[in-house]
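Subject: Structure for your files

Hello,

Here is the structure you were expecting. My notes on it follow below.

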Amino acid sequence: MRRTPHSSPHLRVMSVLGLLAALLLPLGMTVAPRATAAPAADPVRVMPLGDSITGSPGCWRAVLWNRLVDSGYTDIDFVGTLPPQGCGQAHDGDNEGHGGELVTNVADQNLLPGRLASTRPDIVVMHFGTNDVWSSISPDRILAAYTKLVAQMRASNPDMRILVAQLIPMNPSSCAACAQRVVDFNARIPGWARATGTDRSPVTVVDQWTGFSTATDTYDGVHPDASGDDKIAARWFPPLAAALDAVPPDSGGPGDPGGDPVACTARFRAVSTWQGGYQGEVTVTNTSASAVPGWTATVVPANGARLTQVWNGTLTTAADGTATVTNAAWNGTLAPGASATFGFVASAPATAGTPAATVTCAGRAPAG
């Protein structure tokens, strides 16, 4: 992480020890060498990837960084070949948000591999494709570019964890069709992610569209204002925190010292649908090397849906519709590799389309 080291009293102690050694050595005495601390693990490297919404200035990154640090995720490093671009608050501003860039051009011109080689991320946080949608590029072609970028990420790091946003709404005065194009493209992302994600390198969809208003959360119908930055950061935080928890300790992750992190994965499945709602289920799997005594899953339903009933778990719902489900008494303990499934019913607008949800989870650390 790019930080100036804190001044330390160890420097003064070492000076005193050096003077003591100089006085004692002529008398035939020796001073035991000071123990050398084990080298610190590398921080987890997180690449924010996208266009001007991510990088010009992309102040949601500053909000997200500070929320992570305030929550105890201090061993992290935001990386990218672009420097910070202001935002008025201290944060690690490195990023890969190139203003005006199209994800299809990045794929066609093979621009990503060099950027990955320079920064070596463990996690990619990607909001990319707004300029492609604006340019009326087909969803099929944009998703093909996504697939190519994911392959390049995995070539750089086979254990890459990838968070992909459903794009924030767009309603510029010069593009009357853009608003619906974003809706149409976003509807395709969950299916693409299910087909692309793997257990080793999961792809997590993060719904940045629901609850975001171009009228109040952007300054021009496209780019977020301060309110929009807060909303984007709030949506990134739960899945990114879960991804950080899941990075193995030898990658520098904030897992339990000296042991495997308490990590898990969550997968969503729509069981049945009807006008105005659907039934879904989420399977939580313990991916750590230790048994966990409990787990918590976060469910962010897409397209305005809200969870109304849960079984095999306990439901708490936030004002924005984000649902938190904790294990029941009988399904909380999971051995390494074991899974538990909870079901739910969600209400949804008649125009919601195919059910989709962003799901993440965290295993509870054993007591002691």
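**Helix packing**

The axes of α7 and α8 come within 11 Å and cross at roughly 35 degrees. Axes here are lines fitted to C-alpha atoms, for helices over the stretch in contact, with angles from 0 to 180 degrees between N-to-C directions. Helices (H or I, at least four residues) and strands (E, at least two) are DSSP runs, numbered from the N terminus. The model is predicted, so to speak of local features a pLDDT of at least 70 is needed, and side-chain atom pairs count only at pLDDT 80 or more, while totals for chains, interfaces and linings use all residues. Residues are numbered from 1 along each chain as its sequence is written, and side-chain values use heavy atoms, with hydrogens and water left out.

The crossing of α7 with α8 is right-handed; a crossing has that hand if the near helix is turned clockwise from the far one by less than a right angle, and is left-handed if anticlockwise. On the α7 side the contact (heavy atoms within 4.5 Å) is made by Pro139, Asp140, Ile142, Leu143, Tyr146, Thr147, Val150 and Arg154, and on the α8 side by Phe185, Arg188, Ile189, Trp192 and Thr196. These residues comprise 8 nonpolar, 2 polar and 3 charged. In this scheme Ala, Val, Leu, Ile, Met, Phe, Trp, Tyr, Cys and Pro are nonpolar, Asp, Glu, Lys and Arg are charged, and the others, Gly among them, are polar.

Helix α5 (residues 112-119) also packs on α7 (residues 139-156): their axes come within 10 Å and cross at roughly 30 degrees. That angle is why α5 counts as roughly parallel to α7. The cut-offs are under 35 degrees for roughly parallel, over 145 for roughly antiparallel, 65 to 115 for roughly perpendicular, and oblique for the rest. α5 passes α7 in a right-handed crossing. Leu112, Pro113 and Leu116 of α5 meet Leu149, Gln152, Met153 and Ser156 of α7, a contact with 5 nonpolar, 2 polar and no charged residues.

Helix α3 (residues 60-70) packs with α10 at an angle of about 45 degrees, the axes being 9 Å apart. The pair is therefore oblique, and the crossing is right-handed. α3 brings Trp60, Val63, Leu64, Arg67 and Leu68 to the contact, while the residues from α10 include Trp236, Phe237, Leu240 and Leu244. By class this contact has 11 nonpolar, no polar and 3 charged residues.

**Pockets and the cavity**

Rolling a probe the size of a water molecule over the atoms shows where empty space is left. On a 1 Å grid over the protein atoms alone, a cavity is a set of points where a 1.4 Å probe fits but cannot get out; a pocket is an open set with protein on both sides within 12 Å along at least five of seven lines, and lining residues have an atom within 4 Å of a point. Grid points are joined across faces, edges and corners, and a volume is the space filled by probe spheres set on the points.

The largest pocket holds about 510 Å³ of space. Its lining has 27 residues, with Pro202, Val203, Thr204, Ala266 and Val359 nearest the centre. Elements that each supply at least two lining residues include β5 (161-166), α8 (178-196) and α10 (226-246). The lining divides into 18 nonpolar, 5 polar and 4 charged residues.

The second largest pocket has a volume of about 300 Å³. Of its 19 lining residues, Val183, Ala187, Asn303, Ala352 and Gly353 lie nearest the centre. α8 gives the largest share of that lining, 9 residues.

Among the residues lining the cavity are Tyr278, Asn303, Ala352 and Gly353. That lining has 7 nonpolar, 3 polar and no charged residues.

**Backbone**

Most residues other than glycine have a negative phi, and most peptide bonds are trans. Serine 56 and proline 57 are joined by a cis peptide bond, with omega about 0 degrees. Proline 57 sits in the loop between α2 (52-55) and α3. Serine 136, in the loop between α6 (130-134) and α7, has a positive phi near 60 degrees.

Regards
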